[in-house]
Amino acid sequence: MRGANGRVSVPAIVAALALTVALAATLVAGCGRKTDERGRSTAPQGAGDPVGPFRLSVRNLPETPSVGDNRLEIAIRDTTGAPVRGADVEVLVSMQAMGAMPKMESRGELHEASRGVYEAKYGLAMAGEWDIGIRVRHASGTAEASYRLSTTLKGASFAGGTPPIGTAAANVGSGAPMPADVPGAVRIDSARRQAIGVKTEAVQVRDLSTTIRAAGRVTYDETRRTEVSPKFSGWVRDVRVDYTGKPVRAGEVLFTAYSPELVAAQQEYLTALGIGSDSGAQSIDPEIAAAARARLLRWDIAPAQIEEIARAGKPIEALPILAPTTGVVLEKNVVQGSSFSAGQTLYKIAPIHPVWVIASVYPYELPWVRTGMAATILSPFLSEKSRPGTVAYIDPYLDPQARTAQVRVVAPNVNGDLKPDMFVDVLLSASMGKRVAIPESAVLFVGDKRVVFVDLGDGRFAPRAVTLGAKAGDSYEVVSGLKAGEIVVTSGNFLIASESRLKSSAQKW
């Protein structure tokens, strides 16, 4: 606006300049976006990576690369944020040679999809880590950039490129030192990473389960072992079960015995019943008959045998002694004609189905063992090679010699192929729940420390001490030092460790 003297006032000049700057910014922002019919941006997001006179934003479609056809969207802007149109862009996706496998390359077929956004179609021949090389030629300058791509991770990570205008050359060589605030960290270029076979994996929260393998020994079920010890004295007439190890069934005759005490007790019972008496009475005294019968029962004479005595009408001199349970004879202390006294152990019998398997478990594995959990018995001598079982008991103390706890597993043994004193392997599978976990291959053991290398992006790797929990298969539980989503090195970490001088700086970690 002009004043009274016709001159332009200073406030008017300032306002005009502000309006001009705002309009210019709006035009630049509008030129730097690709929009759809609703005005939404469809170009790769983010400020981009500074490379020479440009800023590059790279997006892979699909987000996680897959074997087969893929697409790259490359948004190129200048330092002011304006889209760079008409650039000559080359894309090379490659995997370095490893062993007998030759180097693999895939060149993208490029076209400018929209203002400053270039699209490349390419293919991946196999899963793994690939390098992306991008070269941009334009009137404003030439620049090269490299990105890293993995079929197990989302997106492409910037690995380096032509230094931005006005900055010193980037140090991207193998083994280049990192800033002092990340001790032991190194930067390794993509070619060297591919050559040494570096692979990475994200730290994840997983449902972990651990398998405990313990040495086991087969033994008899102690709760079902029995002894045959008559409650009367006598002599052995006829031995039916005549050797140790012979299988017997409950109720089977072991031997026949003559005992004057037993004959007298039988006669007393018959007399009380009035059997064989001259009077022919049906029963002289029911109470005496009941007492005589109870006496025979307390001497382990079976009710069926007592009924047989009553039917015979006279005492049975060679009374059969029956097996109290089914099993095998562990011990036999009689021969034909031998005498025995009341309470003497004549036979020991133990069942062989089911059997006990006593497994020796180390103290650090005991927190995962509980009664009722499933177990698997392994033995090459079993026809099926493995057999299920159930944990029935855990000893409350340790073996003072072996420093292990004995865990009792009950296993079926219908065919008797699990022999007592046979050695077997016992597998116990326990669920640990959801835990933060990393692969076993990611862990380096440095004295009493556990170290992993964390991928910081841009080809940077830094060592980090972690605290591990239980081992579950090929994974470790992470107690502290890492969080879900971080990227750790799972292959090639020994060579990265040599780059960061792992051994010499272990104490500093």
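Which residues in H3 meet which residues in H4? Before selecting them, note that this is a predicted model, in which local features need pLDDT of at least 70 and side-chain atom pairs count only at pLDDT 80 or more, while totals for chains, interfaces and linings use all residues. Residues are numbered from 1 along each chain as its sequence is written, and side-chain values use heavy atoms, with hydrogens and water left out.

Select helix H3 (260-273) and helix H4 (286-298), where helices are DSSP runs (H or I) of at least four residues and strands are runs (E) of at least two, numbered from the N terminus. On the H3 side you will find Leu262, Ala265, Gln266, Glu268, Tyr269, Ala272 and Leu273, which meet Ile288, Ala289, Ala292, Arg293, Arg295 and Leu296 of H4, contact being heavy atoms within 4.5 Å. The axes of these helices, H3 and H4, come within 8 Å and cross at roughly 155 degrees, which makes H3 roughly antiparallel to H4, a word used for angles over 145 degrees.

Next, select Leu254, Phe255 and Tyr347, the residues with the most contacts inside the largest nonpolar core, which has 30 residues. Such a core is a set of buried Ala, Val, Leu, Ile, Met, Phe, Trp, Tyr and Cys residues joined through side-chain atoms within 4.5 Å, and buried means under 20% relative accessible area with a 1.4 Å probe, protein chains only. H3 gives the largest share of this core, 4 residues.

Finally, move to Val51, Leu72, Ile74 and Trp130, which are among the 27 residues of another core that lies apart from the largest one.

Methods: Buried means under 20% relative accessible area, exposed over 50%, partly exposed in between (1.4 Å probe, protein chains only). Axes are lines fitted to C-alpha atoms, for helices over the stretch in contact, and angles run from 0 to 180 degrees between N-to-C directions. Angles under 35 degrees count as roughly parallel, over 145 as roughly antiparallel, 65 to 115 as roughly perpendicular and the rest as oblique.
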